[in-house]
Amino acid sequence: LSRYALGITLADEVRFEELPSGFVLWRLPLRLETPVGVFVLKIIGETREETRFAVSVMRKLYENGIPLPRLLKTKDSPPQETDSYFVQIGNQFYILEEFKEGGDVDRLQAKSYHFHEIGKVLAQIHEVLQGYIPEGQKVLLPVIDNLRYKGEWGALKEKLSQEKESNLSRGDRLLLLHFDEITEQFDIAERNLSENIYQSLPKAVVHGDLTFLNLKFSDEGQIIAIFDWERSRIHPRGEDFKNTLMTADRTGGRTYDFNSLVSLVAGYQHYAKNKLSEAELRSIPEILRCTFIIEFLARFLLRRQELEQDLPYKRMLYMISKFEEFKKEFPGTEESIRRFIAAGRQEEHLVNSTATARAKTGDGEKSSGKITLHSIREDNLYYLLLNSLNKEELLKKRLEAYEWFKKTPLPN
């Protein structure tokens, strides 16, 4: 801390507390109260080159008005130098950034307008970073990399199949029960997002971990701070959608629902100057599929013994239930992809209506018997658009719209 101008001479002059962050408990960030303000000290990289990459990206975004915390530079260092904005402690590199107040949103309670807002900010991030070459170097494996472990996955099944039933653990039985349907996902992903297809997608600097855990919201539902850029890298833009949608909580659990996916993509497409191409849109469900595969590999191949504990086992059952939802909606067919793209285009036109109505009305109470604009926190944007209908009429209209939608061909 002596490297920074914090108005202190002794460490005892700083009050600090650990902040929750991510899944690695031994690297929690520290909230520091100093005479000149409140800041957060956190790890940003394991190497100098990785750190330069992340810090240069953060500075570029901050200078272009993206809501990141301000980075503090070290004393007597040139402000134009990236190395002025981090310090080395042991074998790791740290940044000191302003502490940002704001509200947290639970991913499992998030509404469509939250996903619209994230899509908007994500589009702004990609726009600012378009064509930008960060300093340093950062290499992280793409989401399709884990498909190469299909052989190990099959070998484990063969090994367990030779065991006596009485010798199988609860995790072993769960693996064998779902082995075939998980294996099928390898085949679909390899077909629909082959390495050639993946490498042909346009590349950009992505955040890499844009979860609800790394965002702060205003009372009006706007994003006012984006944190944790240590996983930023150059990958296809579709990689930036998976963790927003699928990270359930700090335990690393995965979730999924189709409506939130559509809202996230619709928000992005509505605000983006450089919209996602059809090839990029097609890649997103396959990136989600690969993410489920990664989780199954990690939990069944590496951490299966944890499933003997009730809490990890229940979390696994929850993730499997969400996986079941996903594979029903995205069985790998052309029809499922067309339905997803069409749903996104349909909602894209409604994004402004939702934001405008929320800005005018705020969040109030529901009137009795009617769905009003004030109920936006209680359900999705269709309640907003059909606010004059009662619940029975609303359900009828939704069903009519769904039947029409199934029969209507996509426009060219």
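**Figure 1. Surroundings of Lys-322 in the predicted model.** Leaving aside residues up to four places away in sequence, Lys-322 touches Thr-255, Tyr-256 and Phe-292. Lys-322 belongs to helix H9, which covers residues 310–329. The relative accessible area of Lys-322 is 15%, and the cut-off for burial is under 20%, so Lys-322 counts as buried. Two of its contacts, Tyr-256 and Phe-292, also belong to a cluster linked by ring pairs.

**Figure 2. The cluster of aromatic rings.** Ring pairs connect Trp-153, Phe-179, Phe-186, Tyr-256, Phe-258, Phe-292, Phe-296, Phe-300, Phe-323, Phe-326, Phe-330 and Phe-340. Over the whole structure, the search returns 16 aromatic pairs. One of them is shown in the next view.

**Figure 3. The pair Phe-326 and Phe-330.** A pair of aromatic rings is described by the distance of the centres and the angle of the planes. For Phe-326 and Phe-330 the centres are 5.4 Å apart and the planes make an angle of 35°. Planes under 30 degrees apart would count as stacked and those over 60 as edge-to-face, so this pair is classed as tilted. Phe-326 is buried, at a relative accessible area of 0%. Phe-330 is buried as well, at 1%. Both residues are members of the ring cluster.

**Figure 4. Arginines over aromatic faces.** Arg-31 is placed over the face of Phe-99, at 4.6 Å from the ring centre. Arg-170 is placed over the face of Tyr-313, and here the value is 4.0 Å from the ring centre.

**Figure 5. Packing of helices H1 and H2.** H1 spans residues 48–63 and H2 spans residues 112–129. Their axes lie 10 Å apart and meet at an angle of about 105°. Angles from 65 to 115 degrees count as roughly perpendicular, and the two helices are therefore roughly perpendicular to each other. On the H1 side the contact is made by Val-57, Lys-60 and Leu-61. On the H2 side it is made by Ile-125, Val-128 and Leu-129. By class, the contact of H1 with H2 contains five nonpolar residues, one charged residue and no polar residues.

**Figure 6. The protein as a whole, for context.** The protein has 13 helices and nine strands. Of its 412 residues, 48% are buried. Among contacts with a separation of 6 or more, 72% are between residues 24 or more positions apart.

Key:
Residues are numbered from 1 along each chain as its sequence is written. This is a predicted model: local features need pLDDT of at least 70, side-chain atom pairs count only at pLDDT 80 or more; totals for chains, interfaces and linings use all residues. Side-chain values use heavy atoms; hydrogens and water are left out. Axes are lines fitted to C-alpha atoms, for helices over the stretch in contact, and angles run from 0 to 180 degrees between N-to-C directions. Helices (H or I, at least four residues) and strands (E, at least two) are DSSP runs, numbered from the N terminus. Angles under 35 degrees count as roughly parallel, over 145 as roughly antiparallel, 65 to 115 as roughly perpendicular and the rest as oblique. Contact means heavy atoms within 4.5 Å. Ala, Val, Leu, Ile, Met, Phe, Trp, Tyr, Cys and Pro count as nonpolar, Asp, Glu, Lys and Arg as charged, and the others, Gly among them, as polar. Rings of Phe, Tyr and Trp (its six-membered ring) pair if their centres lie within 6.5 Å; planes under 30 degrees apart count as stacked, over 60 as edge-to-face and the rest as tilted. Buried means under 20% relative accessible area, exposed over 50%, partly exposed in between (1.4 Å probe, protein chains only). A charge sits over a ring if NZ of Lys or CZ of Arg is within 6 Å of the ring centre and within 35 degrees of the ring normal.
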